[in-house]
Amino acid sequence: MPVINTHDPERQEIVSRRTVLFGGGVSLLFVGIAGRLYQLQVADYEKYQDLAQDNQFNRRVLTPLRGEIIDRFGNSLASNRKNFRILLIPEQSRDVNGTLDKLSKYIPVTDEKRARIIREIRRRGAFTPVEIKNNLSWPDFSRVNFELPHLAGVLPDVGETRDYPLGEASAFVIGYVGAVTDKDLSTQEGDDDRTLLRQPGFKVGRDGLERTYEKELRGHAGKMNVKINAHGRVIEELSDEATPPVQGKTLTLTIDAELQQKATKELEGESAAAVVMDTVTGDILVLASTPAFNPNDFNVGIDAGLWKELTNSPYKPLLNKPLSGIYPPGSTFKVVSAIAAQASGVKPSQTAHCSGKVWYGNRFFHCWKRGGHGTLDMKGALKHSCDVYFYEIAKKLEVDILAGVARKFGLGQTYELGVPGQKKGIIPDRAWKQQYFAGQPENQPWFQGETLSVIIGQGYVTSTPLQLCVMAARVASGRAVRPRLVRAVGDLVLPEPTAPMIDVDQDYLKVVRDGMNAVTNEYGTAARSRLEDPNWQLAGKTGTSQVYRITAEDRAKGLAKPEDLPWERRDHALFVCYMPYENPRYACSVVIEHGIGGARAAGPKAREIMRAVAAKNPAARTPIDPRNLVQRATHRREG
Amino acid sequence: MSSLILPGPRRGARERLAQLHWPLIILLTMIAGVGVITLYSVAEGNWRPWSMRHGLRYLVALSVLIAIGMVSIRHWMALSYPIYFAALLALAATPFIGEINMGARRWIEFSGMQFQPSEAMKIGLVMALARYYHGLRAEQVSHILYLIPPALMIGAPVGLVFIQPDLGTALLLAATGIIVVFVAGLSWRIGMIGAAGAVAVGYSAYRFEFLKTYQIERILTFLNPDRDPLGQGYHLLQSKIALGSGGLDGKGFMNGTQSQLKFLPEMQTDFIFTIFGEEFGFVGAVGLLILYLAVILTGLSIAMSAKSHFARLAVIGVVATFSLYVLINTGMVMGLAPVVGVPLPLVSYGGTVMLTIMAGFGLVMSAHVHRDQDVLRSSDLL
């Protein structure tokens, strides 16, 4: 190849031109870079300044401890216990799946769980910590803590969980807490509370007093600004800007935990309810319902199998029987009937002859005693629970008067207890029937024959065990006692109400009390339920309410006795009582579902419960003064 | 050899040392100095682990620069093809003997020293292309037949680097090569056709999944950083926050909260501009950009004043590589280019890249010192 002189002006010129072009292009791009810098650092400075602050400073919400619930003497009914948890802050983890992989070496993370966590992150947003696992054992918890430097975004946390020491025994009074739902979030007012609800593992009251007093029990969130690094590690707590959380208020109940437990134990094995209240103050000492669920199972999220079992059980363990169970009061209603009879002019000395049945309208009305009671006055009729005596009265008794007396004595209404789901029951009268049978004009008028059923607590009339207890308390005291369950909210002790006298002639009550005393102490229907202690004479009234009428057909099949019937067709057993007979202080009602007879099933249970009440005599003891309660040191926790 | 050299002044070593382009050396040293102080800050006020070594490496690299600069540009031209082919061979061998590092096979262990063939190729490609065009007449440059050799020269190393896989370096090599070809005088018409072709290749690469998932992720994230604030876009967002919060005059040396709190990844390498910009603000960052631009323009003026065609094109190639590094890195940390892992020359910590850059500027220096030397147009120098 020939050697050519490199002087090639054309080539030189092109290169020079292009070099200038290249230099110009690069310079322009530099101007562009500088322009972008200007945009970021000068024009949008404030925006990035704010973002940098957000990066660096994290406002931590300090979850308050939930208020405790204690009984009248300060025993715990609901408290908080330590719960070791592992949380994850998605924002700081960056690779959630990777972090979960690493975490699964120390604590099990199933695919199912992983899916749930991812779902929750999507729902709550990347900035809110999500719970990976709670109720960790201390060894597991400390192992994760040890590995923390390799687990970006993982936040160990000592949280609190609700603890119900009485378990099943307090299920229906206290209720339980549960996880926050979307609905809670959307209906919650106030930013602070909404932030609180978003905290991992935060629980809100789902039922019972936990639900009703949610606002008081929840407390107020505290705040703390912390300086964090990119891994979410707190490197500085800016305590001067911190406000500590305020624990929720303590709820002091009228319940006596010890008696509550004893009563529940007494009812064990039965589908039953028992209520004990102070006839003076209306304080509910016992509100027992069996069988019951364990609220501790509900805190951590109930297992599906257990839930199914609870909902399918014929013993209705999810039904709050004292407040929401409605039963025909049966003969316990005769307490009211006797007063109504006197109010409409019947003298207690008036007698009637019981031959076992009476013809009225187009049929026989039977006494529970087939052979009849013979001749009885009002006291005798109560003592022996004679149906015919009351049938005779019912023939001429105005149902509206009967209903009016029933309401005065506490039936057919609900009370401000703070426990949701209370039932009213039915106290039938003319107006009620008209409304009930609206659209069936032929059924709207009241038929006197129906009064015959109502007067012995059958027919349309229904009531709850609570109402029956109130009835007994009102009969005992002559005052319109109103039951109450909450003694104090926080420091505020609710004043003990003084109940006004019921506006019926107090003499009418004397006959009823006399009759009730005879039931237990003068060999009446509940002689077996007598309390021997002369200081604690128990006055009661039995009741057996028909669930199923044994027909002639059944008898033909040999089904004569109630024990022959399947459980769910047997009669309910009821018992109401108060004590001491002189100068009463406690009233009690017991309902045993399908317990067959008040005298044999409900009475003895009530007697044992009342025996325990008498032994302790809680009304004579000084209840706790919530103002003297030392609040546990406010617990600080990151979230 | 001497017969090939045209008559011209011959100078001694001392004279040549005086002939060095000292302003360029000062500019480069200032930039490296920015690296030293920024690395000191990144290490929370420690010379270790990066700052001290960075400075020492610079001094070593500077002596390499001077050494290369002292050698006549004719010798470098003569070595162009050997260097290129040696680098190509090493690149081809890398998949078999290379070390896997961060999922890619890029390194060769060479008698105890790590050696990255793709870095050597950055210089080798520039030299080989300059050498090639040195032998062409103006009218041959845009002839389609004469385009085949440079296309192969560029295509072979780009392909090899791409399969390592190192998309960033592959694109950098390709872009550098294309700039040299363009400056050498490629006609605009062919340039346009080539650009259209590149777009088509890019599209089909995306369409037919030639790219690794993480590469696609990076590009998609670049196009919309808010798409996934905790994934790939996280770094970019944090970088923008750090830079933006620096403001006009910065938070002050060692006071870059975002960087000190480790919100940024790879602070000592890819995101070092962010640290500098956070601590020294808009004023400092623009100052650094001006230093870079000064180096680039100085380099281009050296190219313009060099007599030999080889020297001019080689210098432009080196300056082009340098410019691309700066533009891609700064663009990347500000969200103007995808996060591809390109360091900021002389400031980012990393010995190989620094050596490459300084060796390249050694060539520039050689072109300057020997600017009056012309070299015969000959393709059979060897």
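Is Glu44(B) buried or exposed? With 10 C-beta neighbours inside 10 Å, Glu44(B) counts as exposed, since the cut-off for that label is 12 or fewer. Keep in mind that this is a predicted model. Chain A brings 25 helices and 21 strands, while chain B has 15 helices and three strands.

**The chains in outline**

- Chain A runs to 639 residues, and 47% of them are buried.
- In chain B, buried residues make up 51% of the 382 residues.
- Take the contacts in chain A between residues at least 6 apart in sequence: 76% of them join residues at least 24 apart.
- For chain B, the figure for contacts between residues at least 6 apart that join residues at least 24 apart is 71%.

**A five-stranded sheet in chain A**

- Chain A has an open sheet of five strands, in the order 12-11-21-20-19, and the pairing is antiparallel.
- Strand 12 (284-290) and strand 19 (539-545) of chain A sit at the edges with a single partner strand each, so one side of each has no neighbour in the sheet.
- From one strand to the next, the twist averages 5 degrees.

**Another strand pair in chain A**

- Strand 6 (residues 176-179) and strand 7 (203-207) of chain A pair over four bridges, again in the antiparallel sense.
- Across that pair, Ala179(A) stands opposite Lys203(A) in strand 7 of chain A.
- Four of the five residues of strand 7 of chain A are buried, so the strand is largely enclosed by the rest of the structure.

**Helix packing in chain B**

Helix 8 of chain B turns up in both of the contacts described here.

- Helix 5 (residues 117-134) and helix 8 (residues 167-183) of chain B have axes that come within 10 Å and cross at roughly 15 degrees.
- That angle makes helix 5 of chain B roughly parallel to helix 8 of chain B.
- Helix 5 of chain B passes helix 8 of chain B in a right-handed crossing.
- On the helix 5 side, the residues in the contact include Met121(B), Leu125(B), Val126(B) and Leu129(B); those from helix 8 include Leu173(B), Thr176(B), Gly177(B) and Val180(B).
- Sorted by type, the residues of the contact of helix 5 with helix 8 of chain B are eight nonpolar, four polar and one charged.
- Helix 7 (residues 144-162) of chain B packs against helix 8 of chain B at an angle of about 170 degrees, with the axes 8 Å apart.
- So helix 7 of chain B is roughly antiparallel to helix 8 of chain B.
- The contact of helix 7 with helix 8 of chain B divides into 11 nonpolar residues, two polar and no charged.

- A cis peptide bond joins Thr290(A) and Pro291(A), with omega at about -15 degrees.
- Pro291(A) falls in the loop between strand 12 and helix 13 (295-299) of chain A.
- Chain B has a cis peptide bond from Arg48(B) to Pro49(B), where omega is near 0 degrees.
- Pro49(B) lies in the loop between helix 2 (22-42) and helix 3 (51-70) of chain B, and Glu44(B) lies in the loop between helix 2 and helix 3 too.
- Glu44(B) isn't a glycine, yet it has a positive phi of about 55 degrees.
- His594(A) is not a glycine either, and its phi is positive at about 50 degrees.
- You'll find His594(A) in the loop between strand 21 and helix 25 (598-616) of chain A.
- His594(A) has 22 C-beta neighbours inside 10 Å, so it counts as buried.

Notes. Residues are numbered from 1 along each chain as its sequence is written. Chains are lettered from A and ligands numbered from 1 in the order in which they are written. This is a predicted model: local features need pLDDT of at least 70, side-chain atom pairs count only at pLDDT 80 or more; totals for chains, interfaces and linings use all residues. Two strands pair if DSSP finds at least two bridges between them. Helices (H or I, at least four residues) and strands (E, at least two) are DSSP runs, numbered from the N terminus. Axes are lines fitted to C-alpha atoms, for helices over the stretch in contact, and angles run from 0 to 180 degrees between N-to-C directions. Angles under 35 degrees count as roughly parallel, over 145 as roughly antiparallel, 65 to 115 as roughly perpendicular and the rest as oblique. A crossing is left-handed if the near helix is turned anticlockwise from the far one by less than a right angle, and right-handed if clockwise. Two residues are in contact if their C-beta atoms, placed from the backbone, lie within 7 Å. Ala, Val, Leu, Ile, Met, Phe, Trp, Tyr, Cys and Pro count as nonpolar, Asp, Glu, Lys and Arg as charged, and the others, Gly among them, as polar. A residue is buried if 20 or more other C-beta atoms lie within 10 Å of its own, exposed if 12 or fewer, and partly exposed in between; C-beta atoms are placed from the backbone.
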